Amino acid sequence: MTTKEDVTTFEAALERTGNGLYNILLVATCGLILLGIGADLFGFSLVVAAACDLNLSVSQKGILTSLPFIGILLVSYPWGYVADTRGRRFVLIVSVLTAFVLSCVASLATNWILLGLIKFVSVCFSCAANSATYTLVGESCIARVRSKYMLIITCLIIVSPAVAAILTYPTLLLSFKWNIPLLGISFTPWRFLNVVLAIPAGLGGVAICFFNESPKFLANCGRKEEAVSVLKSIYSINHGKNKHDLQLSSLVIDDVAPKTDKSLFRAMQEQSSPLFKPPLLFRTVQLYFIVFVVYMT
């Protein structure tokens, strides 16, 4: 049944697309990305523990396992700004695939300093997925299933340390040693583990290329024709019908923010400052405490 072509609000238009194959595959892909970056992040401590040929001291191991978490703290805000200005899909593709490549490169590190530096930069990219996945799912799925899908991908983050351990055990049981004279190292199972832990995120990074940008992001940026096209594409995949069956001419966005020319620092400051003032300050402290406990655990 076709709908009358008209101008409608974004949420009303999104509801018309329904819930189906596109949404399920999107959630599965974003979940795989979060599972992958979690396994890569938390599994790095297992890599450090197994890197016996680097002759690491206790303090060096502590520094190596701490560096990724420092990277998350330093670059999460800038990535949020990039996602709001360049797009959620864009951020996921760039960050996740770059992180995958860097994690693979880390397997060739010749010393612990180089290993830590490469892993630090890798996490500085991969952590962008922490927020971009949720935003992309939330802006592409109807309200009825939105919370459920958010919970599903959150659960995948929680189980990622266990997945890292499951991938680590058989990998470290392997027995091989390939000499690389050019680098002066031997490629052993602990180095291969860097690659294995990064594979889930890499697969997710490739898969996200086949999905559309967030229609709400496009509409907020004034690209309403593209947003309408994305909504029609989602409708077509979900219902197995021609995308032109969803007759939608234009969108009305109620909560769009006015655009102004600002520096990166100024824009980040204006977006973040309300979080540290009443009435949001208490909630912000609660969230920081919860994240602190999760990472410490």
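How many helices and strands does the protein have? The protein has 12 helices and four strands, where helices (H or I, at least four residues) and strands (E, at least two) are DSSP runs numbered from the N terminus. This is a predicted model, in which local features need pLDDT of at least 70 and side-chain atom pairs count only at pLDDT 80 or more, while totals for chains, interfaces and linings use all residues. Residues are numbered from 1 along each chain as its sequence is written, and side-chain values use heavy atoms, with hydrogens and water left out.

Along its principal axes, the C-alpha trace spans about 70 × 45 × 35 Å. Of the 297 residues, 43% count as buried; buried means under 20% relative accessible area, exposed means over 50%, and partly exposed lies in between (1.4 Å probe, protein chains only). The protein exposes about 15400 Å², of which carbon and sulfur atoms supply 68%, the accessible areas coming from the Shrake-Rupley method with a 1.4 Å probe and, for residues, with only the protein chains shown counting as cover. Among the contacts (heavy atoms within 4.5 Å) with a separation of 6 or more, 76% are accounted for by residues 24 or more positions apart.

The interior can be followed through its nonpolar cores, each a set of buried Ala, Val, Leu, Ile, Met, Phe, Trp, Tyr and Cys residues joined through side-chain atoms within 4.5 Å. The largest nonpolar core has 47 residues, and those with the most contacts inside it are Leu 26, Val 137, Ile 208, Leu 231 and Leu 251. Helix α2 (residues 21-50) gives the most to this core, with eight residues. Apart from this core lies another, of 18 residues, among them Val 47, Trp 190, Leu 193 and Leu 197. Leaving aside neighbours within four places in sequence, Val 137 is in contact with Leu 26, Val 27, Cys 30, Tyr 149 and Ile 153.

Helix α5 (residues 112-126) has 15 residues and reaches 21 Å from its first C-alpha to its last, close to the 21 Å expected at 1.5 Å a residue, the expected span being 1.5 Å times one less than the number of residues. Its buried residues are Leu 115, Gly 116, Ile 118, Lys 119, Phe 120, Ser 122, Val 123, Cys 124 and Ser 126. The cover over these buried residues of α5 includes α2, α3 (58-86), α4 (88-106), α6 (129-140) and α8 (189-207).

A lysine in another helix is also buried: Lys 232, in helix α10 (residues 224-239), has 17% relative accessibility and therefore counts as buried. Not counting residues up to four places away in sequence, Lys 232 touches Lys 243, Leu 246 and Leu 248.

In the loop between α2 and α3, Asn 55 has a positive phi of about 50 degrees although it is not a glycine, and at 64% relative accessibility Asn 55 counts as exposed. In the loop between α11 and α12 is Pro 279, and the peptide bond from Pro 278 to Pro 279 is cis, with omega near 5 degrees.

Leu 280 is also placed in the loop between α11 (264-272) and α12, and is partly exposed, with a relative accessible area of 38%.
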